[in-house]
Amino acid sequence: MKTKKPKTTSGPRRSVQPRAGELPTREQLLAALAQDADIKGKRDLAKVFGIRGDMRKPFKAMLAELEGDGVITRTRKALRRTAALPHVTVLDIPSDADPDALHAYPAQWNDEEGEKPRVEVLVGSDARVAPAPGDRILARIDAGEDDIPHYTAKPMKVLDKPRRGQIGIVRMDNEGARLIPIDRKQKEMRIPLGDLGDSKDGDLVEVEVKLSGRLMIPRARVTNVIGNPASEGAVSMIAIHNLEIPYVFPASVVREAEEAKEATLKGREDWRDLPLVTIDPPDAKDHDDAVHAAPDEDPKNPGGHVVTVAIADVAAYVRPGTALDREAYLRGNSVYFPDRVVPMLPERISNELCSLKEGEPRAALAVRMVLDADGNKISHSFHRILMRSAAKLSYQQAQAAIDGNADDKTGPLLDPILRPLWAAYDAMASARDKRGPLDLDLPERKIILDEKGMVADIRIPDRLEAHRLIEEMMIAANVAAAETLEQKRQELLYRVHDEPSSEKLQSLRDFLGSLDISVKQSDSVRASDFNGILNQARKAGNVEQVSEMVLRSQAQAEYSAENYGHFGLNLNRYAHFTSPIRRYADLIVHRALVKALGFGGDGLTEQEETKLTGIAQHISATERRAMLAERETSDRLLAQFLAQKIGARFEGRVSGVTRSGLFIRLLETGADGFIPASTLGQDYYRYVEERQAMVGERGGETFTLGDRVTVRLLEAAPVAGSLRFELLSEGTRGNPPSGRRPQKRPSKSFGPKGRRKR
């Protein structure tokens, strides 16, 4: 029988007591917690070790690190050691783990014990079991011999990971209940009434699939009720759960955010008198960039400008290795839906401490750029500052003031602040036009929801000069960040965009050739070459068709630790610096600047530098996940909106052509739908890839990418976000794909579906 250790009241033993004025080690902290039952929280520990003055901050960071490592946990205000892992346990290796240095976390863990402990996975060259990122393993655990457990694991077996349940909507009917799957490729299933659990009609649920009967018919059993998108007005919940987007902040992350204190002038330049202003959408809740411009007073730069861009100093609050940092990395970026935002950082950080609020002192990283009269950058410098926004303006407000309709707020700002900004932008726009970035100005629709979370309106917001001003100044700041880090030989994350592949260029040439638009044959192209193509298309009246194909020919932008330039912007080096509240890439660039310029001890760590390639891959993947989630949610909202208009006629354009049929985008709403090839008409239609067209085998009737058409809505599936149309328009006439002459057109008589009879 074990005897209890005697309770001590005189502090930790001498063997664990550090020297006066020194911080305790991690081992000494844990020994104190183990030996002294009177130590309940951080204050008790601080008293025991005599923590005061400048020692408080690193002491607090040490506790946070121990908590983040899963060694100690905090319940309310009490600190204690976490439970130890069993000698043999099941571990999950994260999908983004470094293949050369695997780590894992216990598959089962009680959240009341605090953060999951991190386990180093040891795989020798002669190991019989060699797991990979994303695997679940059975492993033998070693905690080491020190007071602080350093968990290592030797894999014993790679286990099958249980599949996440299928997601769908419950629909009650006369026969009981059925599951409407979210995935368009999956089929409906019956749900036995005894397997409904607490779910009701319209609920979004997670189910497991079981086979029943001699015919092994799939049936669904509800395992988790996620919510009701219709009653709760949150259609985005479907995409959030289907794509496994983290949307609830762990308690440790929220606690860390709530405990954060406002930055002070210490280690910063005082720029609170510089009248920087924020210009954002009218409904913006976080403001992470502010701008200022003034004429350059240097006589050597006549007509020049000094442009300042200040960006919220998120790196001052989100330190490497903290719970905030781990969660921000996991999310990768904020995700924006019509009905909500899933932020990368908690509201205390994103909407308070790091939001450049009007009249409030805020920490920022600023770049001061000196431009000549033609908008070319002469020099730039970065500064870590304390600023105070002079005004919070919307794009519409700032534009109205410049256009002669100033209000009570913008009137006094017009001459001292707004006019110098526009003067600097005019010069920058001139330099941009000479640079020749890709000019694909495609309209973006905004879905407006009512109080119930349903579609009330769909608008194409005006594209204002104020939008372009902010964009151009942010691009200039991003370039300056990349240039400075390269000059300092500091590792960083680039924002890269490769040039189109030779295969995509050839497909584009084939398509443009069918429209009699000339394009050079070289594989070495620049963004300005595409602008020339678009100008030809505008004159020919088919810019919509050509814009769609030019867009499809482009590679996807991504993050990379290696630089290969940004083709679309026609820039040799480019980094994301201007949105650290919503993008982890920008936070990494901020940390790199802090380290390279000696701005403080919260810069990029050596460990982060070695992981930049993996970080780039991970956040590129989370960006793609966010884009897919946003698109899926918009599709579902629009399908829900149009479900009340079955049988109605709409004008649209052919937005895609495949062997299966035509994709149609409605002009008014931007909703996308499909017309199966089998329903196009009484002819047999062949897909002609080089023309991006469906062509009738006998008559040569042709439907081409970008064609304007009239359609009738036949079916709307809001859960899947899909629409099916019937084509009412005739195509253009041409030669059949076989080369035969087109047949004589029949007389124009129309059948019951509106299509001409053949």
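## Helix H15

The buried residues include Tyr584, Leu587, Ile588, Val589, His590 and Arg591. The model is predicted: local features need pLDDT of at least 70, side-chain atom pairs count only at pLDDT 80 or more, and totals for chains, interfaces and linings use all residues. Residues are numbered from 1 along each chain as its sequence is written, and side-chain values use heavy atoms, with hydrogens and water left out.

H15 covers residues 584-596, and its end C-alpha atoms lie 18 Å apart, which agrees with the 18 Å that its 13 residues should span at 1.5 Å a residue. The expected span is 1.5 Å times one less than the number of residues. Helices are DSSP runs of H or I with at least four residues, strands are runs of E with at least two, and both are numbered from the N terminus. Just after H15, Gly598 adopts a positive phi of about 65°.

## Asp586 within the helix

Asp586 belongs to helix H15. Its relative accessible area is 0%, so Asp586 counts as buried. When its neighbours within four places in sequence are left aside, Asp586 is in contact with His576, Phe577, Thr578, Ser579 and Pro580. Contact denotes heavy atoms within 4.5 Å.

## Strands S8, S9 and S11

Strand S8 (residues 166-173) runs antiparallel to S11, and 4 bridges join the two. In this pairing, Ile167 stands opposite Glu206 of S11. S8 is also antiparallel to strand S9 (residues 176-181), with 6 bridges between them; two strands pair if DSSP finds at least two bridges between them. Asp173 stands opposite Gly176 in S9, and S8 and S9 form a hairpin with 2 residues between them.

Leu211 is located in strand S11 (residues 204-212). Together with Val209 and Met216, Leu211 makes a nonpolar surface patch of about 280 Å². Such a patch consists of residues with over 30% relative accessible area and no salt bridge, with nonpolar side chains (Val, Leu, Ile, Met, Phe, Trp, Tyr) joined within 5 Å. A salt bridge is a side-chain nitrogen of Lys or Arg within 4 Å of a carboxyl oxygen of Asp or Glu.

## The chain as a whole

The chain contains 17 helices and 33 strands. Of its 758 residues, 49% are buried. Its accessible surface comes to about 38500 Å², of which 47% belongs to carbon and sulfur atoms; areas come from the Shrake-Rupley method with a 1.4 Å probe.

Key
Buried < 20%, exposed > 50% of the residue type's maximum accessible area, 1.4 Å probe, protein only. Patch = residues over 30% accessible without salt bridge, like charges linked within 9 Å, V, L, I, M, F, W, Y side chains within 5 Å.
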